[in-house]
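Here is a short briefing on one protein model. Look at the structure first, then work through the points below.

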Amino acid sequence: MADRLHMALLPIWPHDALVIFTDECTGRPRKKAGNLAIIEGVTISELDALRERASHGLWTGRAEIGGRTQPIAVLGADTGAILVLCAPGSPTVVDSLTHSRALWNVAAGCIAHLVAEASPDYLRESRAVTNERLEVTAELTDQHSTDLESLLATLRSRNLDDRTARARATELAAEALIRARTGGDLVLSIAEEPVVTAFERLKSDLLPLSRYQELQIQFVEPPSDGRALPGEVAHAARAIVRSAVLLMKEQKEVTKVRVHWNCDGTNLLVSVRDDGPGRLNRELPAVRQLTARAASLGGLLDLEAIDNWGSRIEVRLPLDAARSLEQLPSSWGLGPREAEVLRLLATGRRNRQIAAQLSISENTVKFHTSRIYRKLGVTSRAAAATVATEAGLR
């Protein structure tokens with residue numbers, strides 16, 4: 001998206017490089033295009049500092065970006081995202097600012113839409129690129145190290161008397177403490193979302209359905225002390241619930257939907273239930289899409305529909321990324337197929353479901369599970385799932 005926006009803006013407002021910053025996109029909050037010498041050094045801290053300057057829509061001037069002070073232009077968007085143009089030139093067309101704003105608002109809107117819809121591809125990428133968060137932490141660590149070195153240099157200086165050194169050291173420590181706290185808050189805001197906050201956003205999204213239509217939505221709040229959700233899990237959970245409610249609402253007999261979130265410390269547990277005719281089934285394209293969204297994060301979706309009773313969709317989304325099959329303890333001695341069967345078993349799938357997913361017979365699944373039990377030193381399905389989960393395999 002950054003590359004496309006860069007190419008679209010060049011004929012209107014020439015620039016050397018551009019950077020997009022949005023904390024809605026938890027996997028990759030900064031997106032860059034253009035001159036590598038500029039964009040490779042751009043930090044999250046620099047972009048966060050520029051965000052307030054674009055609070056009125058546009059700011060131009062000189063600021064630090066990519067580790068050096070240079071001319072930039074910063075455009076804000078209604079979604080809270082910002083666009084930074086590095087070394088901007090003179091506009092080349094009439095109303096270039098209006099055109100640039102329009103293109104940027106389209107791009108920002110597309111990003112917000114992709115995040116809100118949380119497609120399987122987006123969720124897989126979001127979880128896969130969590131190294132971006134580690135980079136942010138590394139940036140903060142470097143800054144903290146610099147602050148400590150400055151503090152030590154002040155205290156060791158022979159050119160300052162004790163009183164001056166203490167005053168200077170106190171000033172440096174206070175500034176460093178503010179930066180550390182601000183940086184820590186920034187990392188958390190990008191990486192995680194409190195479960196209660198995520199649920200409140202879901203309620204706001206669904207409010208119009210119950211306000212203007214004959215559909216009652218009952219919300220069962222998650223525990224307030226529940227573990228914070230990784231951003232991609234929060235996005236996926238909201239997208240799944242929204243789609244599930246709309247799917248249930250298509251059944252004319254449905255008058256009530258119950259939405260329940262819970263958190264067991266390892267997984268986010270989502271339940272959506274209606275009072276309709278119970279006609280939903282796994283083969284519906286919409287249900288397949290929901291299943292794919294859950295599976296993209298290593299989760300599991302279960303659908304139960306009973307005639308004249310209603311339909312229930314249960315989803316389990318792991319809060320942490322699963323370990324790859326290659327990372328399993330070598331002492332287990334599992335073959336590739338056995339490791340895959342164990343992974344599916346650990347997600348709660350039954351033999352029939354495992355057989356269908358791996359395109360093998362149920363008898364072959366039973367053969368693999370018996371070998372898995374022996375190699376893990378367990379005697380039951382639940383015990384094998386527990387061992388696998390403790391090893392980080394989901």
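The structure holds 0 disulfides. A disulfide is a covalent bond between the sulfur atoms of two cysteines. Keep in mind that this is a predicted model.

**Cysteines**
- Cys86 has a relative accessible area of 0%, so Cys86 is buried, as the cut-off is under 20%.
- Cys263 has a relative accessibility of 12%, and therefore Cys263 also counts as buried.

**The sheet**
- Five strands form an open sheet: 5 strands in the order E2-E1-E5-E4-E3, with antiparallel pairing.
- Strand E2 (30–34) and strand E3 (58–65) are the edge strands, and each pairs on one side only.
- From one strand to the next, the twist averages 25°.
- Strand E4 (residues 68–76) and strand E5 (residues 82–86) run antiparallel and are joined by 5 bridges.
- Leu75 has Leu83 in E5 as its bridge partner.

**Helices against the sheet**
- Helix H1 (residues 2–9) packs on the sheet and touches strand E1 (17–21), E2 and E5.
- The direction of H1 makes about 45° with that of E2.
- Helix H4 (residues 96–117) lies across E1, E2, E3, E4 and E5.
- H4 runs at about 80° to E4.

**Helix H11**
- Helix H11 (residues 336–346) is largely enclosed by the rest of the structure, because 8 of its 11 residues are buried.
- The buried residues of H11 are Glu338, Ala339, Glu340, Val341, Leu342, Leu344, Leu345 and Ala346.

Terms used. Residues numbered from 1 in each chain as written. Predicted model: local features only at pLDDT ≥ 70, side-chain atom pairs only at ≥ 80, totals over all residues. Heavy atoms only, no water. Disulfide = S-S within 2.5 Å. Buried < 20%, exposed > 50% of the residue type's maximum accessible area, 1.4 Å probe, protein only. Helix = DSSP H or I, 4+ residues; strand = E, 2+ residues; numbered from the N terminus. Pairing = 2+ DSSP bridges. Axes fitted to C-alpha atoms, helices over the stretch in contact; angles between N-to-C directions. Contact = heavy atoms within 4.5 Å.
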